[in-house]
Amino acid sequence: MRSSYEKNLLTLDVALSKEIKYMLKEEHYLPGDKLPSERKLAELFHVQRLTVRGALNLLLQDKTIISKPRSGYYVAPKRILQSIRNFSLHSEEDSGQLTYELYDFKKIEADNYLASEMLLPEKSKIYKIVWLYSDDTQLICINTTYIPEYIYPDLTQQIAASAPAIDLITNNCQITLAKSNQKVTLLYADTKTAQILNIPVDSPLMKYKGLMYDKQGHLAVFFENNMLIDRFGFIREVVL
């Protein structure tokens with residue numbers, strides 16, 4: 001059983017974590033801003049450093065802050081909300097706007113992997129479109145979308161650069177995406193992915209991939225997103 005001191009310490013940890021979070025909001029700390037040191041926080045709130053450390057650990061767990069070795073604690077970047085209902089990305093409140101840039105566009109033939117994933121014959125004509133998503137602070141996602149040629153026969157690089165692939169399909173082709181099959185897994189960045197995202201090789205990433213179908217059950221899109229693991233949260237529905 002925990003001693004009364006341990007119970008009080010836990011209570012202080014929780015209370016102090018809420019006070020620090022309130023301080024960050026009231027003093028208008030921004031993502032990337034450095035927090036005061038443990039010593040200064042202990043002096044500010046008149047508590048022991050052990051209590052400060054416990055409170056900071058709670059804030060690390062709920063991703064309010066991040067820790068940088070030999071540097072200190074910083075306000076965490078805002079997470080991006082990934083809707084698994086309408087396939088859209090939305091910033092959390094006050095986190096700024098997402099921007100996107102076309103990285104690659106080409107027409108390819110389905111190899112064994114794509115044919116298997118998309119349930120198409122090998123050598124089927126497919127558009128491969130790669131987008132890079134960023135927020136105000138960093139590059140956060142590599143989005144690779146594959147569209148069968150029959151969905152958008154006259155798709156060009158210029159058209160592809162005008163909007164994300166899903167918007168192109170729903171707006172330009174008048175296709176309603178009605179059903180999907182999605183999966184989230186963990187992977188580790190290879191050399192090329194690490195270079196694009198500017199992260200160390202073998203850094204953990206979240207791989208979010210899926211198939212999208214129209215109302216008639218025809219395949220419209222196969223996508224694979226490589227995401228910074230600490231920047232995304234998944235939700236079933238987004239209030240627009």
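Predicted model: local features only at pLDDT ≥ 70, side-chain atom pairs only at ≥ 80, totals over all residues.
Residues are numbered from 1 along each chain as its sequence is written, and side-chain values use heavy atoms, leaving out hydrogens and water.

**Helix 2 against helix 3**
- The axes of helix 2 (residues 38-45) and helix 3 (residues 49-61) cross at roughly 110° and come within 9 Å.
- That makes the two helices roughly perpendicular (angles of 65 to 115 degrees).
- Glu38, Arg39, Leu41 and Ala42 of helix 2 make the contact (heavy atoms within 4.5 Å) with Arg49, Val52, Arg53 and Leu56 of helix 3.

**Glutamate 38**
- Glutamate 38, in helix 2, is buried at a relative accessible area of 12% (the cut-off is under 20%, with a 1.4 Å probe and protein chains only).
- Its side chain makes a polar contact with the side chain of arginine 53 at 2.8 Å (a pair of N or O atoms within 3.5 Å, one able to donate a hydrogen and the other to accept it).

**Nonpolar cores**
- In the largest nonpolar core, of 39 residues, Ile129, Ile147 and Leu155 touch the most other members (a core joins buried Ala, Val, Leu, Ile, Met, Phe, Trp, Tyr and Cys residues through side-chain atoms within 4.5 Å).
- Strand 6 gives this core its largest share, six residues.
- A second, separate core has 14 residues, including Leu41, Leu56, Leu59 and Tyr73.

Key:
Axes fitted to C-alpha atoms, helices over the stretch in contact; angles between N-to-C directions. Helix = DSSP H or I, 4+ residues; strand = E, 2+ residues; numbered from the N terminus. Parallel < 35°, antiparallel > 145°, perpendicular 65-115°, else oblique. Buried < 20%, exposed > 50% of the residue type's maximum accessible area, 1.4 Å probe, protein only.
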